[in-house]
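Dear colleague,

I am handing over the structure below, followed by notes on what was found in it. Please read the notes with the model open beside them.

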4 protein chains.
Amino acid sequence: MATNNGKIRACVVGATGYAGVEVARLVLNHPTFELTMVTDRKQAGTRLADIYPTLEGITDITLSLPEPEAIAAAVDVAFLAVPHTASLAVTPALIAAGVTVIDLSADYRIKDPAVYEAWYDTQHTSTDLLKEAVYGLPEVNRAQLVSLAQARAAGKPALVAAPGCYPTATTLAAAPALEAGIVTSSLVISDAISGVSGAGRTPNARTHYCHANESVEAYGVAKHRHTPEIEQTLSALAGSPIDVVFTPHLAPLTRGLLATVYLQVAEDVTADQVQAIYQGRYAGEKLVTMLPAGKMPQTGSVAGSGRAQVGVALDARRQHVLIASCAIDNLGKGAASQAVQAANIVFGLPETQGLDFTAPVV
Amino acid sequence: MATNNGKIRACVVGATGYAGVEVARLVLNHPTFELTMVTDRKQAGTRLADIYPTLEGITDITLSLPEPEAIAAAVDVAFLAVPHTASLAVTPALIAAGVTVIDLSADYRIKDPAVYEAWYDTQHTSTDLLKEAVYGLPEVNRAQLVSLAQARAAGKPALVAAPGCYPTATTLAAAPALEAGIVTSSLVISDAISGVSGAGRTPNARTHYCHANESVEAYGVAKHRHTPEIEQTLSALAGSPIDVVFTPHLAPLTRGLLATVYLQVAEDVTADQVQAIYQGRYAGEKLVTMLPAGKMPQTGSVAGSGRAQVGVALDARRQHVLIASCAIDNLGKGAASQAVQAANIVFGLPETQGLDFTAPVV
Amino acid sequence: MATNNGKIRACVVGATGYAGVEVARLVLNHPTFELTMVTDRKQAGTRLADIYPTLEGITDITLSLPEPEAIAAAVDVAFLAVPHTASLAVTPALIAAGVTVIDLSADYRIKDPAVYEAWYDTQHTSTDLLKEAVYGLPEVNRAQLVSLAQARAAGKPALVAAPGCYPTATTLAAAPALEAGIVTSSLVISDAISGVSGAGRTPNARTHYCHANESVEAYGVAKHRHTPEIEQTLSALAGSPIDVVFTPHLAPLTRGLLATVYLQVAEDVTADQVQAIYQGRYAGEKLVTMLPAGKMPQTGSVAGSGRAQVGVALDARRQHVLIASCAIDNLGKGAASQAVQAANIVFGLPETQGLDFTAPVV
Amino acid sequence: MATNNGKIRACVVGATGYAGVEVARLVLNHPTFELTMVTDRKQAGTRLADIYPTLEGITDITLSLPEPEAIAAAVDVAFLAVPHTASLAVTPALIAAGVTVIDLSADYRIKDPAVYEAWYDTQHTSTDLLKEAVYGLPEVNRAQLVSLAQARAAGKPALVAAPGCYPTATTLAAAPALEAGIVTSSLVISDAISGVSGAGRTPNARTHYCHANESVEAYGVAKHRHTPEIEQTLSALAGSPIDVVFTPHLAPLTRGLLATVYLQVAEDVTADQVQAIYQGRYAGEKLVTMLPAGKMPQTGSVAGSGRAQVGVALDARRQHVLIASCAIDNLGKGAASQAVQAANIVFGLPETQGLDFTAPVV
């Protein structure tokens, strides 16, 4: 599986997008994964450094076409940083060829094909693999990922559906309360703010600097495609159906995502209890930090990293509403870093290998 | 009342703060008000243009001390852009001297002194005037402001409590639904995002560029002082007690505030009905624009202006939650412009005089 | 010439671009000009407010095609906010039809067609009008604009070539020294920084938020097309050929342009003398403010306005180099406001009518 | 010298400032240096993570007082991230105690004490050590640093004066041309733009978000203290006195510094020759990348890293002016990373150990 120098060869499919190039960066910095191949359908033949001059003097790797045979011949693992449906088009062949696939698209996240088809407005053409795919949020799904690692070691196919950025932050904010059984209402509100890199690298009116700068706005209100993914995960954690009202906002920053989640809790739950539940829940997690009581997270604290920070407050006046806030880097824990974290598990590496650096503090 | 050239002389008390200098700017541009005096306790003797070089070549007006007698001798109207308690210290003397006071502080906003004292942690020392003060949100309180104008014309004291920025945006987002009686839950969630100017001009760790830039965070969660002000107004509009869970966020922009408000509505209410309710409610308002169906506001559209934009969406899947979003400039409709709008009414001027310019579009 | 209500009817050709919509905004706020028509070749039929939601509730004006006959039938003055060569295509017909043209493109700025052709890589097809066009920088060319006003009043054609943004700032920084004869070298270096709106509204890789944000870079080095325009103006002011090395930079802000200009001066010139020369030069100018000694301008002080601020410092150690810095809003004094200022002169209105408001201070 | 696990123990003196915490971050990520101690005169007793929440969950290291004896007892190397004069107060005792000192302040950079005293307006109280200090810009001073490493290994004191941020960028931009002997004028203009972190962490009016945001300005014009440091280095490279006119600007970004340097060159020098000179000069450098012909650097490409990128253009029309531009992260190659790079050399480690990671690309 590994190349002769002990490295695991990796390909980033869709390496010119923001999530893709972030995977490439993390692989370049990783002690075991090796960046062997990068692909892009439209810019094959171009050096990646010609697109991202940060990489000048670091790598001369050149983009190739995303052809499954070529990928399968060259690498052990493929990270798919592609739009939805593009993964459906390439994953079956990669899996058939024995490549481990970490899919950052939405194609294998939602277990019910009918729900996928309703929200994504396209048919799901790979429902067999969908059943096998493991949702790659290690902090709530580690056991399944470990099982997948064992299966992979035994020569079986391995497909990880890496979570969306908003579902990651919303889940990390809500999970401890839902798991602890203190939530009393099936209605959960997730109000989130994302940096502009979440809107992708394709230039358009919304991502133009002069539009995004000095302005905040909600978008995709009551219809964002991450809604069913959040509902699926929160319902599983709660053990009963959860209805999510989800409102994403765009704010003028490049990287960073903050989800502020509102959960009604039982009247007799105190702020101290909530804090203790969350502290206990994340005590063993290396990439999720529960902040001390009284502190709420800021996205600047996790930008450039694969970490999450969580903080909570309780409005216990007349209603009893828990406000739980989770900060991630949408390209880090919300995409690329989480994909590498899952890949680490699936390849039997230490879970945080290559991810436990300290990102810029200022 | 007016000076011999037909002008109404105005003083800005606390003119070095962001709201204060924005009042000063609007008065400089106003055809009837005249900027006669600006005060600051710490920087008396300094030209305002030495603090704000934008004003170089425009005005040489110099700060003086905020002494009530001097103010009363010089002006017809005083805009108080001061922290809470500072207004309590000066307003009674100004009112006694016959000056019309537009108070941008929180001191006269909350009708129940006990609530003020609980949230602001200080005694209310001017409860008689508190009873007289009119809450200056024209779009929901115009009749009272017009009555105050008549009283003022008859020689009576006039005190306006200009609303806070978050209460303004939350109220404008929620009012039509509450007034229409379609809201079914007493719990209203207001999740808001403000630019950094809302944190004031005093430099500190939070307003340092390198802290605020490229980061978003919640602050004052479950304890922000605008909460009781919002509850007072929304309860009055609903005709029954409303509990508000209010979470403000700080985002990296200078001016702008977006409130996204969540209201549960009756099951049989449709998106079209909601849109019609809001369109109808704001049809006659010159400074509040209801956006067409399907559009949500962005703060960049109102920055530098005294306008508000409102948009709505309905999540009508299982729960029935109305998401209403209002964008204002926290220093404009959220502070200075609204204060001038109220002053226009109180002095019998056209309500939007000096405020109906088109702010920068890009 | 004026419509029956005393208004002068105006058309903005190319109203969807940033300079175009800024002209439209200034005309909307102007007491004499009236926004009668806006055009765009690609989006005719669309409400301008659908593109710029700032205008929602302010104007329902709808874009039409830029057909000279229709424009000539509808308006008295046309502001052309179009790319170079597009003005060549429409200006002759407009002038022939008696419309006064304020051209914000580069087409009529450079008096020598050969220079235009060399730098803009296209033929000049309107050299007769080129001779008639007046360069519209009032602070250095007011007499010619006044003559043009007289000609226009006498029924003659009137064509103003509004200056580029970099030439405006560089000229205002350098003019007093060059006119005073204290400059000893023919080499002038202009190092300038512009906000992203200067790169235009068309989305591309460079104007993507995530590229422009948190980064500065030089562009067009040693080949920017504003170079010959700057050389033409500075040489005229100096009375001898000036060679300009011009380096523009892009910085992460929407509006604002700062030119820092380096001029070698005679050894016996003192800082006080330089300050006095500049103070005297701009003493009578309402839209150009010379800052007090020791102060340098910041672009934030002029953003949203049609004003310029200038400051100087002298490095008089071994070499004698004057550093003169001018801040403008690239869309204001650098484009739209200057165009309206020239139009005011040409129509015999007070030069700063509609432009002497105070822009946001914070 | 190293602790028993093969680590070299490090202290950051002044760890709460931006450069200090960046050194701390790099040491935390470094395979050989170990963060043993962090100090701050005012906040001793506080966890560093309480000041910089990025570090929550990463380190619980607590600030102590910067007492030389305690530092000497605990560490092998001290990074001084302190204001000028503060290093003079502590360095002699640290050196006497055998601690290797990497001084990020200006105190030991300027070889002539009279020049230091003239520009920094204070007496130099450590002129003996000043003679011994090695200027820590490896790309131009590597031989001296290697000699210092040998001396240190032999038990002698080792003091590195880490360069200033502007001198680093200006030197890297100008060095190849000056060394190659193609520069014909002794006057060098350096026009530079820095992010706000360069202004330090102390909140003040200039670093307030609302002042710095959406604005650019020059500061310290003709009197910035980095001027004599630049002149010292460029003169040494040229072999003759160079006069530097240096103008720094502040732009709205957190990290990043761009120096655009103007050098007159011989008439017969071509653009290709210049490109070749620069390519050759930096061919072997791992942390300085010369860009391909026609490309100029952007600071976003090096933010968060210890790398520099350089690009050049030649204006060869009438004057012959080379425009050389260098992008660094002011806290990286301009401060902390360069300090660690020098420390690597002085301790005989691979020069780029801990510094050759790929920073965020987006």
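**Contacts between chains A and B**

In this predicted model, 47 residues of chain A are in contact with 47 residues of chain B, contact meaning heavy atoms within 4.5 Å. Residues are numbered from 1 along each chain as its sequence is written, and chains are lettered from A in the order in which they are written. Local features need pLDDT of at least 70 and side-chain atom pairs count only at pLDDT 80 or more, while totals for chains, interfaces and linings use all residues; side-chain values use heavy atoms, with hydrogens and water left out.

Between chain A and chain B about 3900 Å² is buried, 58% of it from carbon and sulfur atoms; buried area is the accessible area (1.4 Å probe) that two parts lose on being put together, summed over both. The interface of chain A and chain B holds 6 salt bridges (a side-chain nitrogen of Lys or Arg within 4 Å of a carboxyl oxygen of Asp or Glu). A salt bridge joins the side chains of B:Arg318 and A:Glu231, at 2.9 Å from N to O.

**The sheet of chain D**

In chain D, 7 strands form an open, parallel sheet in the order β3-β2-β1-β4-β5-β7-β6, where strands are DSSP runs (E, at least two residues), numbered from the N terminus, and two of them pair if DSSP finds at least two bridges between them. Because β3 (63–64) and β6 (134–135) of chain D stand at the edges with a single partner strand each, one side of each is left without a neighbour in the sheet.

Best regards

Terms used
Helices (H or I, at least four residues) and strands (E, at least two) are DSSP runs, numbered from the N terminus.
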